Amino acid sequence: MIIKLAEKVLDGGEINVSEAEQLINVKDEDTMLLLAMADKIRAKFTGNQVDCCAIINARSGRCSEDCKFCAQSAHYETGVTEYSLLAEDEIVEAAKKAKAAGAIRFSIVTSGRGQSREDDFENICKTLIRIKNEVGVEICCSLGLLTLEHAHKLKELGVTRFHSNIETAPSNFPSICSTHSYEDKLETIHNAQKAGIRVCSGGILGLNETPEQRVEMAFTLKGLGVDSIPLNLLTPIPGTPFENNKALTPLEILRAFAVFRFINPKALIRTAGGREVNLRDLQCLALSGGLNGIMVGGYLTTEGRSPNMDKQMIKDLGREATKC
C-alpha cells in the first residue's frame, strides 16, 4: 500500500484523505518504508537542498491571546522573559549571526495579537530594510494578525514570506484558543496572499489532535495554496494548560512528517521548534523522511542546538544547504 501510493504521487497524482489516513496509521515496523517513499517524493519534486531559516523573538510575552500551548500568553504564569520591541541594532546583529550559521532567511517574530502600536510596525519596517540591505538574507516576518494595509507595506519593502500558523486542524482549533478564531487566521493568510507575499504556515503537533486531524491540517494547508510548511513539536511549558500533554513518540512524529510530504509533494516542509526534545537521536530521519528544511538556532522561548551540529547532519546525509 505504501509503495503503491508513493508511485501514485511520483507519477503526478494525488492521494485522498482516506489514503492519507491509512499512511499515517501504519505500524512502527512499516514506518521506515513510509519515510523512504516520502523521501523519494521529496527528492523528485524539491531536490536535495535543505532550506535553513532562523528567527528572533523581537517582542516577548504579555500576549493578549489565550493559546493553550504558548509560554508568552498573559493568561498564564510561565515565567517567560517579557520585553518590548528590541532595538534595530540588536535585531540586525542577530540576523548577521543567523546568516553565519547558514540561514538564508531571517524572520522577525513578535508576540501579541497584531501590531496595534503603529510605531512598533514602523520600527519593524525600518529594521527589515536594514536586514535586507546590510545582511543580504531574505526577509520574513511573523507579526500576528495582519491587515491588508500592512501586508502591502511589507510587500513594498521586499518581504518574501509572511508567517502565520494555522496551528492545528480546523476541527481542533476551538480547543486550543478562544480569543481569536480560525477564520481570523485565514484572513491574515489571505491578506498576505492578496499583497503578493508567499505564506509560511504550519502548526504544532502534540496539541491533543488525532492522527486524522494531522491529515486534515495537511490538506487544509494544501487547499490554502501554502508552499512553505513549518512543523513544530509541542514542548510542554509549565504554567500553560498543555503542560501535562503526553509527548508524541519519535516514530509517530516522523509518520506525520512523511504524510505531509505525500499530501504536499512540492512544498518546502521544515522541522522547527521542539525537534531536539521530541525527536532526539532521530532528528536526521526528518530530513531523510521527506522534509527539506530546518530552522536553525533557537526558537521563540526554547533553545535549539548548535548550528554546527545541523550543518554536520546535512553533510552526513549527503545533502547541502541552500545558499543565499
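Angles under 35 degrees count as roughly parallel, over 145 as roughly antiparallel, 65 to 115 as roughly perpendicular, and the rest as oblique. With that in hand, welcome to this predicted model, in which local features need pLDDT of at least 70, side-chain atom pairs count only at pLDDT 80 or more, and totals for chains, interfaces and linings use all residues. Residues are numbered from 1 along each chain as its sequence is written, and side-chain values use heavy atoms, with hydrogens and water left out.

**The chain as a whole**

- The protein chain has twelve helices and ten strands, taken as DSSP runs (helices H or I, at least four residues; strands E, at least two) and numbered from the N terminus.
- Its radius of gyration is 19 Å, close to the 20 Å from the globule rule for 324 residues, so the chain is as compact as a globular protein of that length. The radius is taken over C-alpha atoms, and the rule is 2.2 Å times the number of residues to the power 0.38.
- The C-alpha trace spans about 55 × 40 × 35 Å along its principal axes.
- Of the 324 residues, 55% count as buried (under 20% relative accessible area, with exposed over 50% and partly exposed in between; 1.4 Å probe, protein chains only).
- Among contacts (heavy atoms within 4.5 Å) between residues at least 6 apart in sequence, 77% join residues at least 24 apart.

**Helix H8 with helix H2**

- H2 (residues 17-24) and H8 (residues 211-223) pack at an angle of about 130°, their axes 9 Å apart. Axes are lines fitted to C-alpha atoms, for helices over the stretch in contact, and angles run from 0 to 180 degrees between N-to-C directions.
- The two helices are therefore oblique to each other.
- From H2, Val17, Ala20, Glu21 and Ile24 meet Pro211, Glu212, Arg214, Val215 and Phe219 of H8.
- By class, this contact has six nonpolar, no polar and three charged residues.

**Helix H8 with helix H9**

- The axes of H8 and H9 (residues 250-263) come within 10 Å and cross at roughly 30°.
- H8 and H9 are therefore roughly parallel to each other.
- On the H8 side the contact includes Met217, Ala218 and Leu221, and on the H9 side Ala256, Val259 and Phe260 are among the residues involved.

**A residue to look up**

- Val109 lies in strand S2 (residues 105-110).
- Val109 is buried, with a relative accessible area of 9%.
- Val109 and Leu85 are 24 residues apart along the chain, and their C-alpha atoms are separated by 10.0 Å.

Conventions: Nonpolar A, V, L, I, M, F, W, Y, C, P; charged D, E, K, R; others polar.
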